[in-house]
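These are my notebook entries on a structure that I looked up. I record what I checked and what I found.

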Amino acid sequence: MMVAITILIHCLLLVMMPPLLLGVINKTKALFAGRVGPPLLQPYYDLARLMRKGMVFSTTTTWVFRAAPFVTLAAVLIAGLMIPLGPFDAPIRFTGDLVLFAYLFGLARFFTTSAAMDTGSSFEGMGAAREVTFACFSEPALFLAFLVLARLSGTLSLSPMLRAPLTVPLAGLPVASLVLVAVGLFVVLLAENSRIPIDDPNTHLELTMIHEVMVLDHSGPLLGIILYGAAVKLFVLSAVVLHVLAPVKAGWAAADWALFVVEMLGVAAAIGVVESAMARLQLRHVPTLLVAACLLCAFGFLLMLR
Amino acid sequence: MITTLNALLVVVLLINLFVLGSSRISALIQAVAVQGVVLGVMPLLAHGRSSLMPGLLAIATVLVKGSLIPKMLGKALRDAHIKREIEPIIGFMPSTLLGALGTAAAIGLAAKLPLAADHAQTLIVPAALSTVFTGFLLLTTRIKAITQAIGYLVLENGIFIFGLLLIEAVPLFVELGVLLDVFVGVFVISIIIHHIHREFDSLDTRRLSALKE
Amino acid sequence: MSVALIILPLLAAALAAVVRSGRIRPWLLPPVGAAHLVLTMLALLHPDSVGVTRWLALDPPGRIVLLIVSVLFFICSVYSVGYLRYRGELSNRIFCVALLVFLAATTLVICSRHLGLMWVAMEATTLATAPLIYFNRTPRSIEATWKYLLVGSVGIALALLGSFFLAYAAVQKGVDSSLLFDDLLRNAPLLSKPWLHVAFILLLVGYGTKMGIAPMHTWKPDAYGEAPGVVGALLAGGVTNCAFLALVRVDHICRAAGEGNYTGRLLVFMGILSMVVAAIFMVGQRDFKRMLAYSSVEHMGILVLAIGIGGGAVFGGLLHMVNNGLTKGVLFLSAGNIHRAFNGKTIDSVQGAMRRLPLSGTLFLLGFLAITGSPPFGPFISEFSILNGAFGRGRYWVGAIFLSLLLIIFIGMGRTVLTVCQGKPSAAARGTEYRDGLLTGLPIVASFAAVLLLGIYVPAPLDRLLREAVRFLEVRP
């Protein structure tokens, strides 16, 4: 019974909350800039508007272009079902699911970049190349972070792994490793979701875009699905980062869910703060930042080996 | 005490990586200054007993490494009117990766050397070896004279870290003598850098290659 | 006594810094050199009065090094007066101060009985000699000084790490970990072996860099080539010998710990490597000052080889230290004179030195014969002893390689030296104003006389000093 309710709340949050995160980020950035900014629920209104619009397809595109948004959304939703939110178990869990998790993201990325190249536009091809290059650096960081947690918890399943900082007693907690992994994962979060300092989501210059340029040709409901999928990706990765950043537990189920929601909004606000405080890095320096994140996670792992 | 010490040593290791990857020389000088301050605090942590010796050493180290030496290097930098290091032969990113590999090797090597009982949990030996390796890398791969001097400083920092294991064995006045030597060494190096700049109008050590077989 | 030996040059340095006249300042040097020599003789005649604290004392090998350093400094100080008079256009304040600080620092290295103090003093010698190399203020001398400073500082930093490792070898075993040599020697068998091994490698590399053995010798040709002849003589006879002393002391500790085989192998390898590198680079060398630098590399290799072989070769090694120091004095000082007379230091512009400068040219030629091991000069005796010791320990291959390398070096060096000395000087060379004077000629003659004397007969006091040192360094298994 409790399990059914937990799964229900998990699915509800996974489906309903992501656009709210985008809204919080935009609102934080506006407040930092001294503006009032868009309402918190603006992303929902945007999605509703996009669903009502018509679609235009380029003649060079094939089924990949039409299928990509759906595949991306499906992959990210399934990934979202595999991570534990707060101190609760995930609906889908089995040993080795962390590999599936990483490769679901890889699948999503593959289809997005293929759709981009499908249009035959040079801008989109350029964005696709950049996206894949940066993924080469951020995936190892993610895996190394997972390795640290795997070693800490002793299992290879995401649910116990991600909750390890909570369940392992305080004395045996490798704080240095976890701090390093937390910083590394935060950088991965920024990279995967195309946030400053890796990519500016507000830029309108195609030459400087990475993620935005890949979806230039999508319109109407497909664009809406892509935007929604990106928001879910943000939600999922934030939930992962949260486990290492703030492993706290209230004890009582309802309080735990409330705490989780508040913490997610907190992460979104933190992203907003980072976006407001930093400028976007020069493109040739982005690999350096990602390699640094990778090395941080590697260090964390090395320290655990002693 | 030990976990705080280990956390600080991790900070030192991260500064090493930053120093290997950065090209802005003033950032390098500040990073080494921060490293010096962090190192200055460590004698107080490495030995739980509070006594005069570690305290004096801490103050002297923070003063010299955190303030005096960076000031001297900053002055040399301003005299030379340069801001950035030229892309070295190995490249900044490969240097950082090489430094990370060196750190991993240092951790492996340190595991082979037996440690006394109350030092066994600390990261002092791997941190020391890795910092020495970083300093070496900077010295050998960088092109501007002032960055080579910074590499020398990082090398000395690495040796200082190892010295933490020996605070009782090596008497205070020898540690202070070492510190003084580093200070005077950097002083002399700064003077030479000034002369290099005056003579060649640049700090590019590739110009210093007239003498060869 | 050791305190006086160190304080005196420092006071003189302070005095030199305040003296205004550039003509009077060099005259401070010979008296200080003479006083230092007198104090040294007193210290050697009354060995027990030397030790004031446990930290400063003269051990038997140290006495020999102190003797050679003091004698060499005195000879060079007299020479410097003439040299600085000739180079009146440059300010000699830094030169004189640095020279005196150098004397104090090297004395401190020799007298210190504490590993850490010895290190501090060694670093001080690096810092004191850097301004000396830069005396000529040319771009090439800046380059040489930069390389010297950087390579030397890195080497000495590694030596510090090695000293720390050695201290930790004691701490890790819970043994009393003072870094005093007496304590280390006493506790040697108890030290932790892995730490001792790594410590020895680092100390070998570190102090080897200061000595200038291969492959850490890269600063030597540049520094010796660009420095004034006087500085070259002091570097080759003073600093390298001090670094060698440090190495000898460390090797002593390791052998007392039972690691004699390990250290012996490493030392023999480095020695042979140095000689090979020197041989390769000396053949066809056009610059005769750089040639002298490679000769220094070779002889440091010979010293290290002698210690590595052990047994009877140790006597030869210590005697060679004295011979090498004095002969290098002859060579560098006369090379300096030749450089000045011809205004160049390569064999393109320097020919016929014996005609242009009869005294310096002849002494340069005779110095070459001495350093390559011809009888009746000192180095022949010491190299013969080393060879004897090698064969006595059954190291036939090592001895054979040693001999063949000496031969190659003789041929290579001979070509350069004979080209320099023989023939007719060019018209331009005959026009320069330099002439051999009393102050720039007599010191070389004195040094040469000592080398000749040591080749014919080793004086009994010196022989006694050497045998005491050999006995001190022996370790009962």
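**Entry 1: Chain B against chain C**

I counted four residue pairs in polar contact between chain B and chain C, both residues at pLDDT 80 or more. A polar contact is a pair of N or O atoms within 3.5 Å; within protein, one must be able to donate a hydrogen and the other to accept it, and residues adjacent in sequence count only if both atoms are side-chain atoms. I note that this is a predicted model, in which local features need pLDDT of at least 70, side-chain atom pairs count only at pLDDT 80 or more, and totals for chains, interfaces and linings use all residues. Residues are numbered from 1 along each chain as its sequence is written, chains are lettered from A and ligands numbered from 1 in the order in which they are written, and side-chain values use heavy atoms, with hydrogens and water left out.

I then looked for salt bridges (a side-chain nitrogen of Lys or Arg within 4 Å of a carboxyl oxygen of Asp or Glu) and found zero between chain B and chain C. The contact (heavy atoms within 4.5 Å) takes 46 residues from chain B and 46 residues from chain C. The buried area, which is the accessible area (1.4 Å probe) that two parts lose on being put together, summed over both, is about 4,000 Å² between chain B and chain C, and carbon and sulfur atoms give 77% of it.

On the side of chain B that touches chain C, α5 (124-141), α6 (145-163) and α7 (172-200) of chain B each supply at least two residues. Helices here are DSSP runs (H or I, at least four residues), numbered from the N terminus. The largest share of that side, 16 residues, comes from α7(B).

I compared helix lengths with the expected span, which is 1.5 Å times one less than the number of residues. Helix α6 of chain C (residues 139-172) has 34 residues and should span 50 Å; its end C-alpha atoms are 49 Å apart, which agrees. I classed residues as buried (under 20% relative accessible area), exposed (over 50%) or partly exposed (in between), with a 1.4 Å probe and protein chains only. In α6(C), 30 of the 34 residues are buried, so this helix is largely enclosed by the rest of the structure. G174(C), with a positive phi near 70 degrees, follows α6(C).

Helix α12 of chain C (residues 288-309) is mostly covered, with 22 of its 22 residues buried. At its start, a side-chain oxygen of D287(C) reaches to within 2.9 Å of the backbone nitrogen of K289(C). G310(C) follows α12(C) and has a positive phi, near 80 degrees.

**Entry 2: Salt bridges**

I found 26 salt bridges over all chains. Which residue forms a salt bridge with E143(C)? The partner is K147(C), with the closest N and O atoms 3.4 Å apart. E143(C) is buried at 1% relative accessible area, whereas K147(C) is partly exposed at 26%.

K147(C) also forms a salt bridge with D222(C), the closest N and O atoms being 2.9 Å apart. This pair links distant parts of the chain, 75 residues apart, with D222(C) in helix α9 (residues 219-226) of chain C. D222(C) is buried at 3% relative accessibility.
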